[in-house]
Structures are given as structure tokens and as C-alpha cells.
Amino acid sequence: MWLGKVVGNVVAPTKDDTLVGWKLLVVQPLNLDGLNNISMQVAVDTVGAGNGETVLVASGSSARRVTKNDNSAVDAAIVGIVDSMEIEGVSKSQYWMQK
């Protein structure tokens, strides 16, 4: 599982049948300093996330399990929206929410 920030959405009228009905969002992965550490990825939204929100993303077989279809084309799924986070007594929520 990794943390990311929703930076956009994908509209794909023609797609694999296993993706029909899922909202696709572009997510910029974050490291613990709130900065990107790898290129953007597309993830199915299972929790109603929106642009600018910090999210938890599951990948691989865990993402497919969230969609309840182990044979789906899903490789990343948004499984949570981050409200706040604390690491060793230092809150990261204000930093991330302002970025």
C-alpha cells in the first residue's frame, strides 16, 4: 500500500469490461515528506475520492481483491482517503493538505 495525491481523472469510453463502472483517477505517489517519488499512476476509485485529496492506494493482487474480481485489469485501487497522519509525533496532515 502507498500514499498518493489525486491529480486528475481518466475518461475512457472504450475499456476492458472489468473496468466498466469504475471511476479512474490519476494519482501522484508521495513519499513521507509529501513529495512525489515515482511517476503518476491510474487507479480505480473505490471510496469516492476527488481531486487534491491524499489517498491510500493498494496495488497488484490486493487491488484486484478490492474490486471483488481477481481476474480484473486493475493494478491499483484507491482504498482510503487520508484525513490526517502522524509520524513520531509530527503531524503531516497540514503539510500535505496545503500542497
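## Pairing of strands 4 and 5

Strand 4 and strand 5 run antiparallel and are joined by 5 bridges; two strands count as paired if DSSP finds at least two bridges between them. Helices (H or I, at least four residues) and strands (E, at least two) are DSSP runs, numbered from the N terminus. Within this pairing, Val57 has Ile78 in strand 5 as its bridge partner.

The model is predicted, so that local features need pLDDT of at least 70 and side-chain atom pairs count only at pLDDT 80 or more, whereas totals for chains, interfaces and linings use all residues. Residues are numbered from 1 along each chain as its sequence is written, and side-chain values use heavy atoms, with hydrogens and water left out.

## Overall architecture

The protein chain contains 2 helices and 7 strands. Read from the N terminus, the order of elements is β-β-β-β-α-β-β-β-α. A barrel is closed by 5 strands in the order 1-2-3-5-4, with mixed pairing. From one strand to the next, the twist averages 55°, where axes are lines fitted to C-alpha atoms (for helices over the stretch in contact) and angles run from 0 to 180 degrees between N-to-C directions.

Of the 99 residues in the protein chain, 37% are buried; buried means under 20% relative accessible area, exposed over 50%, and partly exposed in between (1.4 Å probe, protein chains only). Among contacts (heavy atoms within 4.5 Å) with a separation of 6 or more in the protein chain, 55% are between residues 24 or more positions apart.

## Strand 2 and its partners

Strand 2 (residues 23-29) has 6 of its 7 residues buried, and is therefore largely enclosed by the rest of the structure. Strand 1 (residues 2-10) is joined to strand 2 by 6 bridges, and the two run antiparallel. In this pairing, Lys5 stands opposite Gln28 of strand 2.

Strand 2 is also joined to strand 3 (residues 41-45), by 5 bridges and again in antiparallel fashion. Here Leu24 has Val44 of strand 3 as its bridge partner.

## Nonpolar cores

A nonpolar core is a set of buried Ala, Val, Leu, Ile, Met, Phe, Trp, Tyr and Cys residues joined through side-chain atoms within 4.5 Å. The largest such core has 10 residues: Trp2, Val6, Leu25, Val27, Ala43, Ala49, Val55, Val57, Ala76 and Ile78. At least two residues of this core come from each of strand 1, strand 2, strand 4 (54-59) and strand 5 (76-81). Another core, of 6 residues, lies apart from it and includes Leu19, Leu24, Val44 and Ala63.

Beyond its neighbours within four places in sequence, Val57 contacts Met1, Trp2, Val27, Ala43, Ala76, Ala77 and Ile78.

The model contains 1 salt bridge, defined as a side-chain nitrogen of Lys or Arg within 4 Å of a carboxyl oxygen of Asp or Glu. The side chains of Lys23 and Asp45 form this salt bridge, with an N to O distance of 3.1 Å. Because Lys23 lies in strand 2 and Asp45 in strand 3, the pair ties together parts that are 22 residues apart in sequence. Lys23 is partly exposed, at 41% relative accessible area, whereas Asp45 is buried, at 7% relative accessibility. Side chains of opposite charge can pair when their charged atoms come close.

## Individual positions

Thr54 belongs to strand 4 and is buried, with a relative accessibility of 1%. Its C-alpha atom is separated by 4.4 Å from that of Lys5, although Thr54 and Lys5 are 49 residues apart along the chain.

Val79, in strand 5, is partly exposed, with a relative accessible area of 28%. Not counting residues up to four places away in sequence, Val79 touches Met1, Thr46, Val47, Leu56, Ala58 and Val66. Lys68 occupies the loop between helix 1 (61-66) and strand 5. Lys68 is exposed, at 75% relative accessible area, and its phi is near 60°, a positive value in a residue other than glycine.
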